[in-house]
Amino acid sequence: MDRVILHSDLNSFYASVECLYNPKIRQLPVAVAGDPQARHGIILTKNQIAKKYGVKTGEAIWQAKQKCPQLVLVKPNYQRYLRYSHLAQEIYRSYTDRIEPFGIDECWLDLSGCPNSEDGGLRIAHAIRRRIKTELGLTVSVGVSYNKIFAKLGSDYRKPDAVTLIGKPQRESIVWPQPVENLLYVGPASKRKLQRYGIFTIGQLAQAKPDFLEEIFGKTGRQLWIFANGYDVTPVASADTKLSMKSISNSTTTVRNLTCDEEVHGILTMLSESVAARMREQGVHGSTIAVSIRSSDLQSVERQKKLLSPTCVSSVISGTAMELFRENYRWEKPIRSLGVRVSDFDEDFVRQMDLFQKAQQQENQEKIERVVDGLRKRFGVFSIQRASLLKDQQLTGLDTSIQNQIHPMGFFSWNY
Amino acid sequence: MKQYVAVVARYDENGRIEPRQIQWNDGRVFEIDRVIDRKRRASMKAGGSGIRYTVRILGKERYLYLEENRWFVETGEES
C-alpha cells in the first residue's frame, strides 16, 4: 500500500495575511519587508502582483523599488503570522495527527489509513484548500503524493489555490523534466556541482548511478538519488514529536555594524540566551556550538566546535561562541550579522560526574537559568537581564524569543 | 470596513458564547433575537477572520465576528 502524503504551502504567506487585513491594498503590489532603519530592509514576501514586477524575496527594498516604484511596503507582524500558522494547523489536525511543520507556512500531512483518503488524498487536499480559503481568507497550494519529496514538489508546481497530484504515473511526466534545483535540498552549490557532471534535470539525477553520486557527494549523493526516484520513505513526524529536531539557532542583523569584541560579546550573549532557553523548553542538550559571522561586505563564515559534554547553559554556549569568534575573526571588516547554533542533541542526557565539580557547577547554572526562564515567561523577556547587556540597549534591546529557528531536519551543509 | 463593537454575551456552562446585544459606538443598542449559525470564517470585506455568528436583529440577518477577543461587524454598504 502506498502512503498518502500531502504537502500544504500557504501562498505568499506574510503578504497574504497583510492583504487579508487591509482590503485597500489587495489590488496593489505588496511586499512585507523588514525595517530599513534597523537595517533589516529586505523583502520577506511579496504578493502575486508584486511578483509580476519581478520583486524577489531576499532582495533589498531599494532593488525592489527600482523594479516596482509603486510597491506597497508593510512591516511584518509576526504574532499575527504565528496565529494564522496555528489556525491552518488546526484545520490539518481535523484530518490527521501526523503533521510535520516545515517553517511557519508549510506542513506535511500523512493521511495513510485515514477515512476518505482512498482516492490517494485528492478529496481531502481539495477540502483543505477550500477550508483555508473560506475560514482563514488565505490560499494554499497542496501537493499530493506517496512520499514527502514529491508532495513538496507538487505544492510548488501549481500555485496559488491549487492541488497537484503526483502519483507513480506522474513521476516521469511531472517530476523528471523539472530542473534539478527544484528538488528539496539541492541548493545553488550542489546544482552547480551536478551540472558539471551533465545532470540538469531531476530525471537525469534519478537515472544516474547511485554509486557514482555517492563518489561525488558522499552519503548525500545516494540520498538525492533516492529523492529523485521517489523512493524516500522518511516518515511524517507526528504533531507532538520532538525527534526530528536537529538544531536550534538564532541570528540577527544588528542595528549598526559591530566594530569591537565587546559589542560582539553582547550580541552573542543575547543570542545564546535565547537559544539556551529554547533548548530547555524542548528538553534537549547539545554538544556542537556553531557561530556564523557576516561582515559588512556580506562575506560569511561559519565555524563550529564540539564540547566534551552536552549543555543547555547559555554561559557555556556564549563562551564557546565567543572563543570561536576570537579564534576566527581578524577584524578586517566590521560585522553586519551574527548567528549562534547548537546541534548534536542528546535526548537521553545523563550528566557525567567529574573530579573537579564542573558538572555540579553546570547543573547549578542550569537551575538558575530555568528560574530566569520562569520569570521571563511571567513578566516578559526584559524583566530580568544581564547587566552587561544594559550598556548598549540600542544594540541588544531585541526580543529574541520570537525569532528562534528550529530546523526540523538534518540539512546537508554543502547546500549552504 | 471593519467596525469593532461592544457586545453583551452569555457564556454557558460548556464555555459556549452566545452574543445577546450589540452596542454601537454612537450609543445605539441592538438586541440579538437569535443566533442562527456559527462557523469559522474569513471576512474579506472587513479584513480578518474569526468565529462568524449569523444573528437576527430586527428581523434581519447580520454577521457578527469574534476575532480572538474582539467583536467586529462589516460595514460599508447599508448598515
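**Notes on the two chains**

1. Let's start where the chains meet: the contact takes 8 residues from chain B and 8 residues from chain A. Two residues are in contact here if their C-beta atoms, placed from the backbone, lie within 7 Å. On the side of chain B that touches chain A, β4 (34–43) and β5 (48–57) each supply at least two residues, and β4(B) gives the most, with 3 residues.

2. Some housekeeping before we go on. This is a predicted model, in which local features need pLDDT of at least 70 and side-chain atom pairs count only at pLDDT 80 or more, while totals for chains, interfaces and linings use all residues. Residues are numbered from 1 along each chain as its sequence is written, and chains are lettered from A and ligands numbered from 1 in the order in which they are written.

3. Now for chain A as a whole. There are 15 helices and 13 strands in it; helices (H or I, at least four residues) and strands (E, at least two) are DSSP runs, numbered from the N terminus. Of the 416 residues of chain A, 36% count as buried. Buried means that 20 or more other C-beta atoms lie within 10 Å of the residue's own, exposed means 12 or fewer, and partly exposed is in between, with C-beta atoms placed from the backbone. Among contacts in chain A between residues at least 6 apart in sequence, 61% join residues at least 24 apart.

4. On to the domains. Chain A is assigned domain 1 (14–78), domain 2 (176–229) and domain 3 (247–415), with bounds that come from an automatic or database domain assignment. The C-alpha centres of domain 1 and domain 2 of chain A lie 34 Å apart.

5. What sits in the largest nonpolar core? A nonpolar core is a set of buried Ala, Val, Leu, Ile, Met, Phe, Trp, Tyr and Cys residues joined through C-beta atoms within 7 Å. The largest one has 65 residues, and A:Leu6, A:Ala31 and A:Leu205 are among those with the most contacts inside it. Its largest share, 6 residues, comes from helix α1 (residues 13–21) of chain A. The core also draws at least three residues from each of domain 1 (14–78) and domain 2 (176–229) of chain A. Apart from it lies another core, of 27 residues, including A:Leu271 and A:Ile293.

6. Two close-ups from that story. Helix α1(A) is mostly covered, with 8 of its 9 residues buried; A:Phe13, A:Val17 and A:Leu20 are among the buried ones. Leaving out residues up to four places away in sequence, A:Leu205 touches A:Val180, A:Leu194, A:Ile199, A:Leu224, A:Trp225 and A:Ala228.

7. Have a look at a helix pair. The axes of helix α10 (residues 210–217) and helix α11 (residues 219–229) of chain A come within 6 Å and cross at roughly 140°. That makes α10(A) oblique to α11(A): angles under 35 degrees count as roughly parallel, over 145 as roughly antiparallel, 65 to 115 as roughly perpendicular and the rest as oblique. The axes are lines fitted to C-alpha atoms, for helices over the stretch in contact, and angles run from 0 to 180 degrees between N-to-C directions. Among the residues that meet are A:Leu213 and A:Phe217 in α10(A), and A:Leu224 and A:Trp225 in α11(A).

8. The axes of helix α12 (residues 261–282) and helix α13 (residues 314–328) of chain A come within 8 Å and cross at roughly 140°. So α12(A) is oblique to α13(A). The contact includes A:Leu268 and A:Val275 of α12(A), and A:Ile317 and A:Phe325 of α13(A).

9. A:Pro160 lies in the loop between α6 (148–157) and β8 (162–166) of chain A. A:Leu298 has a positive phi of about 70° although it is not a glycine, and its place is in the loop between β10 (285–295) and β11 (300–311) of chain A. A:Leu298 counts as exposed because it has 9 C-beta neighbours inside 10 Å.

10. Back to chain B for the last stop. B:Asn14 is in the loop between β1 (2–11) and β2 (17–23) of chain B. Is B:Asn14 buried or exposed? With 5 other C-beta atoms within 10 Å, B:Asn14 is exposed.
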